[in-house]
Amino acid sequence: MGSTEIKPNIHWVGAIDWAVRDFHGYITPRGTTYNNYLILDEHPTLVDTVKHDFAGYTIENIRSLIDPAKIENIVINHIENDHMSGLDRIMELAPKATIYITDRGKKGLDRFFDTSRWKFQIVKTGHTLKTGKRTITFLETPMLHWPDSMMSYVAEDKLLISQDAFGQHIASTTRFDDEYCDQHSVSELEHAVRDYYANILMPFGQLIKAKLAEVRKLGLEIDMIAPDHGIIWRRDPGKILRMYEDMANDKADLRVVIIYDTMWHSTEHMTIPLMEGVRAGGVDVEVLKLRSTPMSMAIKRLWESRAFLVGTPTLNNIMFPSVAEFLQHLRGLRPKNRLTGAFGSFGWGGGAVKEAYAVLKQMGLDVVEPGVEVVYRPGAEDEKRCFEFGKQFAEKVIEYHRKFDGDSGGRCAP
Ligand code: FEO
């Protein structure tokens, strides 16, 4: 693919992964890139490395610009495998380089490699690295999204190299937002941002808010944000910052997502009058069957919406396995400020809906209960109960939504 100059003498030397469709369990229909940046200055500096399998591409890109042995500094902004597992290949070619990394990053790195022959400089927020004409300032961002995470700011170029934050899983031959949006739609890029945020960053909303406020307080001039995945923001970097602020502030659309699975179609049948009831209550609604929907897609739609209902049949007195798995995954993502409820069918003793409510409450979510339960097969009376529950739920969602978005539609994109 070759390198791309993103600023005078600062080059993208990353790799494009067109084939990846499962990124540690989350689907990546657009593939991804592993971005890293080579600063050609008096002291050549590489910011981030690459996934091990793709090291050859980065090395080739570096070689097209400079002998890798001349690299004097390597910055590791965080040690997740997709950006760091190729470090040993780079260090073979640049053995004299000093690695700039946080203390926690160094401790983690020691678990992956024999680092005894490598030189390190441990850095904290405010520490700097002079590369010649430029100064890189480090900004720790712990738990955004790894404990050792940090960002690198190049003041002379008004460039923020932001590691995973502000990234998206998009494989593309274009590097910049303006180029990408000339060839695709703006909304495709925004969807990729939200996919990423919902599936990776959702648990860290409070930290993101605080970190964005800190960045604003520092008054950093930023005219380009270069993340570790996907498209680089140069047309309007303020846009992605505003998007993140909205997402971290739990903006959501006024919508109910009905997420369910079914054994013999009874729980599935219930979704129809529930959906009609929600519509009659004045709220947009979407229905997702779990075994037909990749989990990361369901997570994104749920997170973009103010409310959701969980439908589960009872199997052996507990939730249906796909529903239990989904809620378990969701629990780890720590959603907040969403109104929820549950429904389902059973044949013998029941138990799944009760269990679903217990898990929703354990997550700290606000619930509307009791939900609706049906024995064996929904009849006409059951359909009415489902419709009424859906309608009342929608009315409560409208009230609930006002707390966050006033009377607006509450869209989370600018
Ligand atoms: Fe793209 Fe946290 O690694």
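Q: How many nonpolar residues does the lining of the largest cavity have?
A: In this predicted model, local features need pLDDT of at least 70 and side-chain atom pairs count only at pLDDT 80 or more, while totals for chains, interfaces and linings use all residues. A cavity is a set of points, on a 1 Å grid over the protein atoms alone, where a 1.4 Å probe fits but cannot get out, and lining residues have an atom within 4 Å of a point. Ala, Val, Leu, Ile, Met, Phe, Trp, Tyr, Cys and Pro count as nonpolar, Asp, Glu, Lys and Arg as charged, and the others, Gly among them, as polar. Beside 1 polar and 1 charged residue, the lining of the largest cavity has a nonpolar count of 11.

Q: Which helix gives the most to the lining of the largest cavity?
A: About 130 Å³ of space lies in this cavity, a volume being the space filled by probe spheres set on grid points that are joined across faces, edges and corners. Among the 13 lining residues, those closest to the centre include Leu-144, Phe-166 and Leu-212. Helices (H or I, at least four residues) and strands (E, at least two) are DSSP runs, numbered from the N terminus, and residues are numbered from 1 along each chain as its sequence is written. Helix H8 (237-248) and helix H7 (205-218) each supply at least two lining residues, but the one that gives the most, with 4 residues, is H7.

Q: How many polar residues are in the lining of the largest pocket?
A: A pocket is an open set of points with protein on both sides within 12 Å along at least five of seven lines, and the largest pocket holds about 380 Å³ of space. Its lining takes at least two residues each from helix H9 (266-280), strand S20 (314-315) and strand S22 (339-346). With 7 nonpolar residues and 1 charged residue also in that lining, the polar count is 10.

Q: Which residue in S11 is the bridge partner of Tyr-100?
A: Strands S10 (residues 98-101) and S11 (residues 119-122) run parallel and are joined by 4 bridges, where pairing requires that DSSP finds at least two bridges between two strands. In S11, the partner of Tyr-100 is Gln-121.

Q: Is Gln-183 buried or exposed?
A: Gln-183 lies in helix H5 (residues 177-183). Buried means under 20% relative accessible area, exposed over 50%, and partly exposed in between (1.4 Å probe, protein chains only). Because its relative accessible area is 54%, Gln-183 is exposed.

Key. Side-chain values use heavy atoms; hydrogens and water are left out.
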